[in-house]
Amino acid sequence: MAKPVVLIAEELSPATVEALGPDFEIRSVDGTDRPALLAARADADAVLIRSATKMDAEAIGAAAHLRVIARAGVGLDNVDIKAATTAGVMVVNAPPSTSGSAAELTIGHILSLARHIPAAHGSLAAGEWKRSKYTGTELFEKTLGIIGLGRIGALITARMQAFGMEVVAYDPYVTAARAQQLGVRLVSLDELLAESDFVTIHMPKTPETTGMIAGPQLAAMKRTAYIVNVARGGLIDEAALAQALRDGEIAGAGIDVFTSEPPTDDVLTSAPNIVVTPHLGASTDEAQEKAGVSVARSVRLALGGELVPDAVNVAGGAIDPFVRPGIALVEKLGQILAAVAGHGPLTDLEVDVRGELAAYDVSVYRLAALKGYFTNLVTESVSYVNAPVLAEQRGIASTLTTAEESKDYRNTTTLRGVLADGTSVEVAGTLSGTKMVEKLIGLNGYDIEVPLAEHHIAMFYADRPGIVAVYGKEFGEAGINIAGMQIARRSAGGQALSIVTVDSPVPDEVLERVRTAIDADELREIDIVEA
């Protein structure tokens, strides 16, 4: 059997290949050579890149086998995430692995600007001795303004507070409680620019943040202030920054990232009082090794059909260890829901999580339910990435609700589906005991407790004596071994439900004989495919 093909499009650490292991066929290509890349990715299952390889709609669209794009780093400007999501391709990166290096480079720029280190070095190397020209400024008791108080911003905060700096921050998505925890004062962007002696920006590059620091913002800064960008090129208007430096509107700038890399001209790089580096934020041996190993592990998970917590086009983020065991259960509940719903199309799918799990981020359960629902319904491979796309294409609205109260179990997850004709179906499950046994505990309003297996038969019929003997005889004569059985009813003489666990799939003609023999109102075969 052929091994999955992993295409390495840029130079990565040897530890990356080692982390992939022997289960893949490793190929290499120069990702900057467009024709070579397009040819090589045709039969690739995964592509590993850094910042130079462009994985756009063209590169993704014709890659029939492609299941994951892995960026050994943070930024994803070179990946068309929308095209990847539409194609069912998972996109992963390695933000935590390079955060420390990016934070340290930011601090290096701040220190270089405060003490004029690069310029002083150049002067001395040229034979000059101009101590007074390079008199600097202390960081102690100065104000550092951080635009974007995420992971890197928090690391910089802790390190610069050790220098005795006051830290203010602008981030519309950070709570006051989080800022207080970090010892940071939240302010508006205008306040930050006016107060800060040093400004560093750590925002993602979006249409809203591109050029967010332009002429008016630079003019609002102190003339003695410095600005640093080690995040993404284009967050600062480069022409405006070059002009501000030449006009003395600010004291200096440290820039590691550019709108075009390498820069197409020297308008900014030749400006006075600027320290520039060629996109070195993640360029440490440690960061590259950690990033490579991280995405290699993600590739292994993705190609193994498992959920990848660092996938950027999968909602839910990192998965808490308390949440993770329920993912497989919810996928199976999705398959059961599809089987019980029959051929009727869903219009709505609600995932209701109750119990201790309600205190955690369980947004991944919505994806798991959709993935399970479509697993046996569509011909294409279903992933956590394209399951929401499949639902959208089919007009299925999906929601997630949580509640702390769980009546009979520590935790329960219930899937409720509404069909196009207005009827509804419902399945519920839980993980039971220290071994966390997956159990089906509810089906269309009937209370049951059935350990999940590969094959079940659900039969709804009028409650009356002798039914078990009838379907037992039919299954026995057909050579179908019954491994387990449970009967539930709402009231004596009403409708009853039998859930039969069998060792093998049941042929359609046998199911039809059973249906006729017991005069079933409804009979569904449930075959569960392991994720």
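Me: Which hand does the crossing of H16 and H17 have?
Reply: The crossing of H16 and H17 is right-handed, meaning that the near helix is turned clockwise from the far one by less than a right angle. This is a predicted model, in which local features need pLDDT of at least 70, side-chain atom pairs count only at pLDDT 80 or more, and totals for chains, interfaces and linings use all residues. Residues are numbered from 1 along each chain as its sequence is written, and side-chain values use heavy atoms, with hydrogens and water left out.

Me: At what angle do the axes of H16 and H17 cross?
Reply: Roughly 160 degrees, for H16 at residues 467-477 and H17 at residues 508-518, and the axes come within 10 Å. Axes are lines fitted to C-alpha atoms, for helices over the stretch in contact, with angles from 0 to 180 degrees between N-to-C directions. Helices are DSSP runs of H or I with at least four residues, strands are E runs of at least two, and both are numbered from the N terminus.

Me: Are they roughly parallel or roughly antiparallel to each other?
Reply: H16 and H17 are therefore roughly antiparallel. The cut-offs are under 35 degrees for roughly parallel, over 145 for roughly antiparallel, 65 to 115 for roughly perpendicular, and oblique for the rest.

Me: Which residues meet there?
Reply: From H16, Ile467, Val470, Tyr471, Glu474 and Phe475; from H17, Val510, Arg513, Val514, Ala517 and Ile518. Contact means heavy atoms within 4.5 Å. By class, the contact of H16 with H17 has eight nonpolar, no polar and two charged residues. Nonpolar covers Ala, Val, Leu, Ile, Met, Phe, Trp, Tyr, Cys and Pro, charged covers Asp, Glu, Lys and Arg, and the others, Gly among them, are polar.

Me: Now sheets. What is the strand order in the open sheet of six strands?
Reply: S14-S13-S15-S16-S17-S18, with mixed pairing. Two strands pair if DSSP finds at least two bridges between them. S14 (397-403) and S18 (446-451) are the edge strands, each with a single partner, so one side of each has no neighbour in the sheet.

Me: How many bridges join S16 to S17?
Reply: Six, between S16 (residues 424-432) and S17 (residues 437-443), which run antiparallel. Valine 427 has leucine 443 in S17 as its bridge partner.

Me: What does helix H13 lie across?
Reply: H13 (residues 325-341) lies across S13 (346-355), S15 (411-419), S16 and S17, at about 155 degrees to S16. H14 (residues 364-375) lies across S13, S14 and S15, at about 135 degrees to S13.

Me: How do the axes of H13 and H14 cross?
Reply: At roughly 40 degrees, coming within 7 Å. That makes H13 oblique to H14. The contact includes Val330 and Glu331 of H13, and Ala368 and Lys371 of H14. It has nine nonpolar, five polar and two charged residues.

Me: What does glutamate 331 form with lysine 371?
Reply: A salt bridge, with the closest N and O atoms 3.2 Å apart. The term needs a side-chain nitrogen of Lys or Arg within 4 Å of a carboxyl oxygen of Asp or Glu. Glutamate 331 in H13 and lysine 371 in H14 are 40 residues apart.

Me: And what pairing has the open sheet of seven strands?
Reply: Parallel, in the order S8-S7-S6-S9-S10-S11-S12. Within it, four bridges join S6 (residues 143-147) to S9 (residues 198-201), with isoleucine 147 partnered by isoleucine 201 in S9.
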